Amino acid sequence: MSHSFDIVRFDEARPIALAMAYEVAAEGIDVVLMRDVLGRLCLALDDSAGTPSQDTVARWRAELTERLGPYAAPNPVLLASELFAAEAVFSSPRVVDEPGLESHPGQGRVRALDNTVVGEDWAHVTTPPAEVAGVRTARIALYGFKGGVGRSTATFMLGKHLADQGLCVLVVDLDLESPGSGPLLLSEDAAPQYGLVDHLVESALGNADGLDLVERASGVVFTGNGELWVAPARGRGSDRAPYAYVDKLNRVYADAPSGMFPSFADRLEHSVTACELAVAERSRRPDVILLDSRAGIHDIAAITISRLCDLALLFGSDNSQTWRGYHDLFSAWRTSGQAEAIREKLRMVASMVPDKRRADYLETFQDHSWTCFSVLYDDLPADDSTGFNPSPEDTSAPHYPIPILFTQDLVGLDGATSPGWSERTFVQAAYGEFLDTATRLIVEGLQ
């Protein structure tokens, strides 16, 4: 029967293909919905239990081609028995189950495999090892969907505060395009010879051994026996050649399709571990690693939150850009089946809270945050309390905001040229609750 379909755009293509995947799965066939880097879709069918007839496969191919238009892959239906390496599809670690399978008993399994150029790691949540060589290190990501929310300053404040409590802290400046915490914590002449960008470039060629990557924070005074180390995005370079930061930055994200060198995600994880080991060699293994991530939907942020951290502090101010951005991110986690794995790693930070109307601002922020985070929570009947769906007032919930106050005294404050700025009364008042709450969460994670 002939159908007439409207022009298909990117947003409509996947739901159309997914509906077709369920139709095929109803025949008892396991299906992997595959999307390529252009957004084109096809169905890979596990025909090990019985091959559909040629006429049936031809009908499915024709129907997908007609339904999807330009978003149909050149061969929209693939059979495992015809693939050179079927296990690369059906046993791929990147394949995820489609949500809602429980409502379709008796049918084949439906899973998805998304191939992207950037941001793929948002959909693949893992947890870093709890211990390395018997030492528990907490990895904390500090992330903002938008820049300009005070994330790097908060990283400085939290790093110093934790060191004041006697902990060994490593701050890794992962904002490669716009380094923030590195310059705050290290003067240019005190920086190590190499930075994260150097390790990322050199490790692609197996040439990263022996790089000088970390240094103690300069110009920061601590109480007790804590330590604060810094791994900056860029190093100070040497006299042997000009320090070509931009040229290196242009190459750090490269992934070779052939797999001839490690992926960017693997190299970033290796770089953070190399910095951790460098601190251990010069002093002791860090108790806490603070990962100052770059803003936006970017591969660095994806890997940092989804793969490298135990706890992600999400910064934002109460505006539509913040909530729209986080909603898109949370929806992607929900769609990819990662909501349950990621949600309890998250905690919202209300940055730049107006001091003079703090209560009203935080009440509105809390409502908006709960609405946004609800995408990650379980949908429960009114009488069901077995799932994860905290109330708006739950102070331990991911959506409940940790406030950082904002006053005009903070405008124009240049930490690099203002010795002792972090000890000023108005700074301590602005960051006090954030430091106390974040420290408690981190220490609890170390126990």
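Trainee: How many helices and strands are there in the chain?

Mentor: There are 13 helices and 15 strands, taken as DSSP runs numbered from the N terminus, with helices being H or I over at least four residues and strands being E over at least two. This is a predicted model, in which local features need pLDDT of at least 70 and side-chain atom pairs count only at pLDDT 80 or more, while totals for chains, interfaces and linings use all residues. Residues are numbered from 1 along each chain as its sequence is written, and side-chain values use heavy atoms, with hydrogens and water left out.

Trainee: What share of the residues count as buried?

Mentor: Of the 447 residues of the chain, 51% count as buried, where buried means under 20% relative accessible area, exposed means over 50% and partly exposed lies in between, with a 1.4 Å probe and protein chains only.

Trainee: Which residues touch the most other members in the largest nonpolar core?

Mentor: They are L158, L313, L314, F330, L346 and F434, in a core of 98 residues, a nonpolar core being a set of buried Ala, Val, Leu, Ile, Met, Phe, Trp, Tyr and Cys residues joined through side-chain atoms within 4.5 Å. Helix α8 (residues 264–282) gives this core its largest share, eight residues. There is also a second, separate core of 24 residues, with A21, Y22, L45 and V110 among them.

Trainee: And what does F330 touch?

Mentor: Leaving out residues up to four places away in sequence, F330 touches L314, L346, C372, F373, V375 and L376, with contact meaning heavy atoms within 4.5 Å.

Trainee: Which residues make the contact between α10 and α12?

Mentor: Helix α10 (residues 320–335) and helix α12 (residues 358–373) pack at an angle of about 25°, with their axes 9 Å apart, the axes being lines fitted to C-alpha atoms over the stretch in contact and the angles running from 0 to 180 degrees between N-to-C directions. That angle makes α10 roughly parallel to α12, since angles under 35 degrees count as roughly parallel, over 145 as roughly antiparallel, 65 to 115 as roughly perpendicular and the rest as oblique. The contact is made by W323, Y326, H327 and F330 of α10, together with F365, H368, S369, C372 and F373 of α12.

Trainee: Changing topic, where is M352 found, and what is its phi?

Mentor: M352 is found in strand β14 (residues 346–354), and it has a positive phi of about 60° although it is not a glycine. Most residues other than glycine have a negative phi. M352 counts as partly exposed because its relative accessibility is 34%.

Trainee: Last one: is A429 buried or exposed?

Mentor: A429 counts as exposed because its relative accessibility is 51%, and its place is in helix α13 (residues 425–446). The C-alpha atoms of A429 and F406, which are 23 residues apart along the chain, are separated by 9.5 Å.
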